[in-house]
Amino acid sequence: MSSLYSRSKDLSSRSRKSLSDSPPSSPSPSTKTFRQDRASSRSDSSGVESPSDRLSARTSTYTRRENRLASLSKTEDDSTSRDYKKLYEDALSENEKLKSRLEDSKQELTKIRSQLDRIAQRQDRISERSTVFESEKREKEALEKRVSDMEEELKVLTELKSDNQRLKDENGALIRVISKLSK
């Protein structure tokens, strides 16, 4: 008896699960019939039911429930297989759209990279030019400094030449004076 009770408890919990898993809907004609059968079985009995009557009532109730759920699941299976096909087609079309967008994005990325490379090359050239310009500027400054140093040396040199010439003239004059004195 306890095994029958636990079995019927398992069956009722399964049927509650499957009913709770199914979407809410209005009571179907089979549900109404089931409820009417339950009500009539209660009213027909004289208040005392034998265990075999209860068991047969439970099994017939269970069988009717199973049949109803099986018919519901068949229609759901048919509709879900159609839905899966539609979902699959939708997913394929969405994938194609995404692939084309990805391809467009890749092409745009390639264009942007090439533009970035060109800009980087220009900046490299500009920086090279500025480096060359700075080095030329430094060379020019060094050359200007060297020229000014040479001009200074040239001035000193001309002063030394004039001093040298003056000393030569004085030396010659002294030699003439000494030679006159020694005669």
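Q: Let me start with terms: buried means under 20% relative accessible area, exposed over 50%, and partly exposed in between (1.4 Å probe, protein chains only). Is arginine 138 buried or exposed?

A: Arginine 138 counts as exposed, because its relative accessibility is 53%. Before we go on, this is a predicted model, where local features need pLDDT of at least 70 and side-chain atom pairs count only at pLDDT 80 or more, while totals for chains, interfaces and linings use all residues. Residues are numbered from 1 along each chain as its sequence is written, and side-chain values use heavy atoms, with hydrogens and water left out.

Q: Thanks! How many helices and strands does the protein have?

A: There are three helices and zero strands, and the order from the N terminus is α-α-α. Helices (H or I, at least four residues) and strands (E, at least two) are DSSP runs, numbered from the N terminus. Helix α3 covers residues 51-181.

Q: And what share of the residues is buried?

A: Buried residues are 5% of the 183 in the protein. The protein exposes about 16,500 Å², with carbon and sulfur atoms supplying 55% of that. Those areas come from the Shrake-Rupley method with a 1.4 Å probe, and for residues only the protein chains shown count as cover.

Q: Back to arginine 138. Which side chain does it meet in a salt bridge?

A: That would be glutamate 134, at 3.6 Å from N to O. A salt bridge here is a side-chain nitrogen of Lys or Arg within 4 Å of a carboxyl oxygen of Asp or Glu. Arginine 138 and glutamate 134 are separated by about one helical turn, because they are four residues apart in helix α3. Glutamate 134 is partly exposed, at 42%.

Q: How many salt bridges are there by that rule?

A: The count is four. Among them is one between arginine 166 and aspartate 163, also 3.6 Å from N to O. Those two lie three residues apart in helix α3, about one turn.

Q: What else does arginine 166 pair with?

A: Glutamate 170 forms a salt bridge with arginine 166, and their closest N and O atoms are 3.4 Å apart. Glutamate 170 and arginine 166 are four residues apart in helix α3, again about one turn. Put together, Asp163, Arg166 and Glu170 are linked in a network of salt bridges.

Q: New topic: which residues form the positive surface patch?

A: Arg118, Arg122, Arg125 and Arg129 form it. Patches are made of residues with over 30% relative accessible area and no salt bridge, joining like charges within 9 Å and nonpolar side chains (Val, Leu, Ile, Met, Phe, Trp, Tyr) within 5 Å. Arginine 129 is in helix α3 and counts as exposed at 58%.

Q: And which residues gather in the negative one?

A: Asp149, Glu151, Glu152 and Glu153 gather there on the surface. Lys and Arg count as positive and Asp and Glu as negative, with His and the chain ends not counted. The place of a charge is NZ of Lys, CZ of Arg, CG of Asp or CD of Glu. Aspartate 149 is in helix α3 and is partly exposed at 39%.
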